[in-house]
Amino acid sequence: MSSDVRFTDFKSHVQPTWCPGCGDFGTMNGLMKALANTGKDPDETFVTTGIGCSGKLATYLDTYSFHGVHGRALPVAIGTKIANPNLTVVAAGGDGDGYSIGGNHFIHAVRRNVDMTYMVMDNRIYGLTKGQASPTSREELETGTTPQGQEQPPINPLALALAADATFIAQSFASDAQRHTEIMEAAIEHDGFGYVNVLSPCVTFNDLDTYDYYQDAIVDLEDRDHDPTDLNAAEEKILDPDHEYLGVLYRDPDRRSYDQRHGFDSSMAEVPDGAPEGAEKLVDEFY
Amino acid sequence: MADDFNWAVGGAAGDGIDSTGKIFAQALSRAGRHVFTSKDYASRIRGGYTAYKIRTSTEQVGSVVDRLDMLVALTQRAIDENADELHDGSVIIYDGEDIGDAEIPGDATGVDVPLESLAAEAGGAIMRNVVAMGAACELADFPIESLDEVLEKRFEEKGSKIVENNRTAARKGQAYVQDECDVETDYELETTDNDYVLLNGNEAVGMGAIAAGCKFFGGYPITPASEIMEYLSGRIEQFGGHVVQSEDELAALNVTLGAARAGARAMTATSGPGIDLMSETFGLAAQTETPLVIVDVQRGSPSTGLPTKQEQGDLNMALYGSHGDIDRFVLAPTSVADAFWKTVEAFNLAEKYQIPVYVLTDLSLTVTERTYPRETFDMDEVEVERGRIVDEDEVDQWVDEDGHFTPHAVTEDGISPRAFPGTNGAAHHTTGLEHDELGLRTEDVDERVEQVHKRERKTETAIEREDWDYEEYGDPDSDTLVISWGSNEGAMLEAMEFLEEDGISVRFLSVPYMFPRPDLTEEIESAEDVIVVECNISGQFADQLEHDVLTRVDRVNKYNGVRFKADELAQEIKETLEMEVTA
């Protein structure tokens, strides 16, 4: 199946209910194209999401998909990948899901470096609950819960990933279909935890981080002479407060994934009809 | 009552109390004696007071008693803490060079043995506890060769020199008592030819999991459950499994759930505070019909409470925890051996009924090491039943008119087909939202009600198909009925012997199934006095039994997502009353 798989093979029959113009459409299409372009089989792909507008994504893919509780897409994905290393595993979530309620899982998933992809659909607002401040909302953003602005700086998730020893950090933009797809392909093909923060404008509740804003603010690393394997260069870009970078910011091609370290090679779904061979020796230990 | 002997080693945390106690317990077990151990301990790493207590007999022992016959005291506090348990015939081994003139309570006998000096002579002061065990062998008339075997097993990896030094240390203790101490005891610990294994409840749960084919464990350290994760780490890998120590309990249950979605038999183990955090994902597992085994090793009190003390206070949480109406099964093993078998059963129930299953153990069960004949854990008796798993060839039997796989198909027995990711043609969505047969979100009242009924039917099917039995002991004709759940069984069985001495006979039911549970209406109604025994203040199981037997309310329930409407409610009540009349 892998050679002639098309991106529509990843599309389910369910019609998305995102607002017209939502960045999540482009974000999702890029993921589907990247899965198809890298030759993945929908029946061997597992996509998990948390709660929020981003959480709906799992419904729109014709793969095995799981829509769990708020903030916990990553641990579900990690468990699935370890139990069946033959699967292609993608976790997706929003900025609230991944950086607020699931922030702890994000840090530890990064450092565990399981061979999977994490796509954050970052709209810098809580959309599904109708417009409250999120951890990536900029200070000046006025919302229902922050009518005077944030009074606190946004989190820098790329820096958080870097500090947690990430092996792949990238950022893309929902409306740049070609670059977003390329970046997702690189993340999927990365042998380890491929993390992509996708700037995905919320056209309904965020009037600050708009398509127009990003068109002006984004700097594509392809236009800069950026070497993603250079940690210092990556750090410099990630900590730069004045630009929104697009592209693969950092990649460690050498570090072994959690899967490789543990030598996972087969599905754990097979169980014998009785106790596994050699189980008696467990009893012997107590003698 | 068993002709029992009660031995303890006590001192400060960090004195090697646990390993010393375990070595002596293993020596007794190897000598064909039954052993039941317990621990006094506080939640600290060094200092304080801790003791490892052993009750031993040639007959099966299933409880502790308030009587101590021999104490190895490494501190004066170890003596003071046990003053109430010591009696005229008690012997206390202590090192006068270390703790000075020990204050010996009452008519107990103090035996001053220079443990550290003798250990130093044997090759290192670190072996002082082994010297004490040698002295104990002599004072209890127990063959020191049984101790030798355990020392060899324990230290063989460190080389023959270390083994030999330890043996020498034990003999120095023995010889010192023989030659230097003028003390007579009546103790004589007989040996038998029986082969016993010695293990605790946490180890039994861990071994049961591997026996059941569990290949994935996700956990976060917590007292007193960490030992299950420690047991599995290094062992489960030999059977193709893996342990993930996650960042918190939220993640622990979610990685476990993720592995279960992939088709692995998956388990987590924690204690009450961890269950609090897992409650959200527990609901997710139930709603998505994901089979999971969750072990709750109960400890004392709410919040951080009494982390190192006994309580059976989590029954209500296991039965009712997490929001919404949730289907779940709850098993409560009654002994160390039962912890093994109930863990195996929990995996079968979880998969057959696609439901999260609690195994409720408690601190007392897991700090207790107990002997059993080897065949108690006969691996050939382990059966694995996985329920309705669908492979590639069977997918087309479970698709809708458009060819979509139906992971929540509405079936007569409530059980739907399960296809693991990677199964061709069965790709499907799964969500914590209410869903239709395809697994897609729905708010349609009919589909919602259908799914509620479908999930409910799984429990009805399980009640019909499985044994939800209890063990019965004592006098079946007695008017006094005693009921207990979980680990109280051992103490109750022996309490019955005490009661017999006072001419009181009882009928005792030991219940391992909390939900579904056996219907005890008849047993309760036919008894004059009914006593429910449990380690908590509110009587959580007693409440359940009273609920089962005494509740006489009619119920009007609505659960389609729409509130009651006044006219509809009036009609429902009228219909209920009419049913009453016709009934």
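Predicted model: local features only at pLDDT ≥ 70, side-chain atom pairs only at ≥ 80, totals over all residues.
**Entry 1: the interface between chains A and B.** I began with the residues in contact. I found 53 residues of chain A in contact with 69 residues of chain B. Tyr64(A), Phe286(A) and Tyr287(A) supply 18% of the area that chain A buries against chain B, more than any other three residues.

**Entry 2: polar links.** I counted three salt bridges between chain A and chain B. I noted a salt bridge that joins the side chains of Arg235(B) and Glu285(A), at 2.5 Å from N to O. I also have 29 residue pairs in polar contact between the two chains.

**Entry 3: the chain A side.** I listed the elements of chain A that each supply at least two residues of the side touching chain B: β2 (64–67), α2 (73–83), α4 (103–112), α9 (258–262) and α10 (280–284). The largest share, seven residues, comes from α2(A). By class, I have 25 nonpolar, 15 polar and 13 charged residues on this side of chain A.

**Entry 4: a helix pair in chain B.** I turned to helix α1 (residues 17–30) and helix α5 (residues 128–139) of chain B, whose axes come within 10 Å and cross at roughly 35°. I recorded the crossing of α1(B) and α5(B) as right-handed. From α1(B), Thr20(B), Ile23(B) and Phe24(B) meet Asn129(B), Met133(B), Ala136(B) and Cys137(B) in α5(B). The contact has five nonpolar, two polar and no charged residues.

How values were computed:
Residues numbered from 1 in each chain as written. Chains lettered and ligands numbered in written order. Heavy atoms only, no water. Axes fitted to C-alpha atoms, helices over the stretch in contact; angles between N-to-C directions. Helix = DSSP H or I, 4+ residues; strand = E, 2+ residues; numbered from the N terminus. Left-handed = near helix turned anticlockwise from the far one by under 90°. Contact = heavy atoms within 4.5 Å. Nonpolar A, V, L, I, M, F, W, Y, C, P; charged D, E, K, R; others polar. Buried area = accessible area lost by both parts, 1.4 Å probe. Salt bridge = Lys/Arg side-chain N within 4 Å of Asp/Glu carboxyl O. Polar contact = N/O pair within 3.5 Å; in protein donor to acceptor, adjacent residues only side chain to side chain.
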